[in-house]
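Biologist: Can you walk me through this one? Please keep it simple.

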Amino acid sequence: METQTYIITCPHCGHERRVSFCKESWPDTDYTLWSDGRIESDGWFEPTRTQQCPHCGKFFIRQLKTELLMVDEPCTDRAILSYQQLKTAINELAGTDFAEGWARHETWQAYNALYQDADLVPEEEQEFNRNNMQWLLDFYQSSSPLRLTTIEFELNRLLGNRDACERMLETTYEEYVQQQKEFRILRGRPWDDDKEKWERRYNNLMKELKSSLDLPLKPYKGRN
């Protein structure tokens, strides 16, 4: 797999770290998308957004790849934080919603990857994960309480909030399109008024979410 080297600069001490990104984007590879947003692919990887400076040891949220300086030299440092590192990052980044939200979401994904097939999960880890999912659900709902999203649906499903899931499934096509339009306008993205495309996305989404209600309460594999 081809890689590119970028520089991540620590906002605390200014230390520059060269890290490796996959040259391809994940939709162009053979991938599996999990219901928690995790992407698994033998042909793609990306450093976690949550980073720990190797010089001063402090945690921070890195910039997007497009905002980083690329350098012409090889690098093998993937800069992917472990589950335990991400848990530690939550405490350090607590109180700053954007940063804490990223750390908590990536911790949730790392927990799922670590314990996905485990026969026995320590009770303290189960309790931490449940509290973490509740924090994420409250955070996402406070920022967009009416928007139908797979992540909010999945958090409700894994927390056993079936009534909330069923209410989300009552979202009409017109409401869904309006939510998507507002979401894109808010982020400065152009709106594509392709009715056939949006109907297809809506129908596929509703079909996937409805079927997930009958699955065990753990993340499931979505599309490939």
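Modeller: Helices (H or I, at least four residues) and strands (E, at least two) are DSSP runs, numbered from the N terminus. This is a predicted model: local features need pLDDT of at least 70, side-chain atom pairs count only at pLDDT 80 or more, and totals for chains, interfaces and linings use all residues. Residues are numbered from 1 along each chain as its sequence is written, and side-chain values use heavy atoms, with hydrogens and water left out.

Biologist: How many helices and strands are in the protein chain?

Modeller: Seven helices and seven strands. Along the sequence the pattern is β-β-β-β-β-β-β-α-α-α-α-α-α-α.

Biologist: And how compact is the protein chain?

Modeller: Its radius of gyration is 19 Å, close to the 17 Å that the globule rule gives for 224 residues, so the chain is as compact as a globular protein of that length. That radius is taken over C-alpha atoms, and the rule is 2.2 Å times the number of residues to the power 0.38. The C-alpha trace spans about 50 × 45 × 35 Å along its principal axes.

Biologist: What share of the residues is buried?

Modeller: 45% of the 224 residues. Buried means under 20% relative accessible area, exposed over 50%, partly exposed in between (1.4 Å probe, protein chains only).

Biologist: Let's zoom in. Which residues of helix H1 are buried?

Modeller: H1 covers residues 83-93, and its buried residues are Tyr-83, Leu-86, Lys-87, Ala-89, Ile-90 and Leu-93. They cover an arc of only 155° around the axis, which puts them on the same side of H1. The arc is that of the directions from the helix axis to the C-beta atoms.

Biologist: What do they pack against?

Modeller: Strand S5 (50-52), strand S6 (59-61), H2 and H3.

Biologist: What follows H1?

Modeller: Gly-95, with a positive phi near 100°. Ala-79 has a positive phi too, near 55°, and is not a glycine. Ala-79 sits in the loop between strand S7 (69-71) and H1. At 5% relative accessibility, Ala-79 counts as buried.

Biologist: Back to S5. Is Gln-51 buried or exposed?

Modeller: Gln-51 is in strand S5. Its relative accessibility is 1%, so Gln-51 counts as buried.

Biologist: What is Gln-51 in contact with?

Modeller: Contact means heavy atoms within 4.5 Å. Leaving aside neighbours within four places in sequence, Gln-51 is in contact with Ile-8, Arg-17, Lys-58, Phe-59, Phe-60, Arg-62, Ala-79 and Leu-81. Its C-alpha atom is 6.4 Å from that of Arg-62, eleven residues apart along the chain.

Biologist: New topic, empty space. How do you find it?

Modeller: Rolling a probe the size of a water molecule over the atoms shows where empty space is left. On a 1 Å grid over the protein atoms alone, a cavity is a set of points where a 1.4 Å probe fits but cannot get out, and a pocket is an open set with protein on both sides within 12 Å along at least five of seven lines; lining residues have an atom within 4 Å of a point.

Biologist: Which residues line the largest cavity?

Modeller: Ile-8, Cys-10, His-15, Arg-17, Gln-52, Cys-53, Pro-54 and Phe-60.

Biologist: And where does the lining of the second largest pocket come from?

Modeller: Helix H2 (97-115) and helix H3 (123-143) each supply at least two residues. The pocket is lined by 14 residues, and Tyr-111, Asn-112, Asn-129, Leu-217 and Lys-218 lie nearest its centre.
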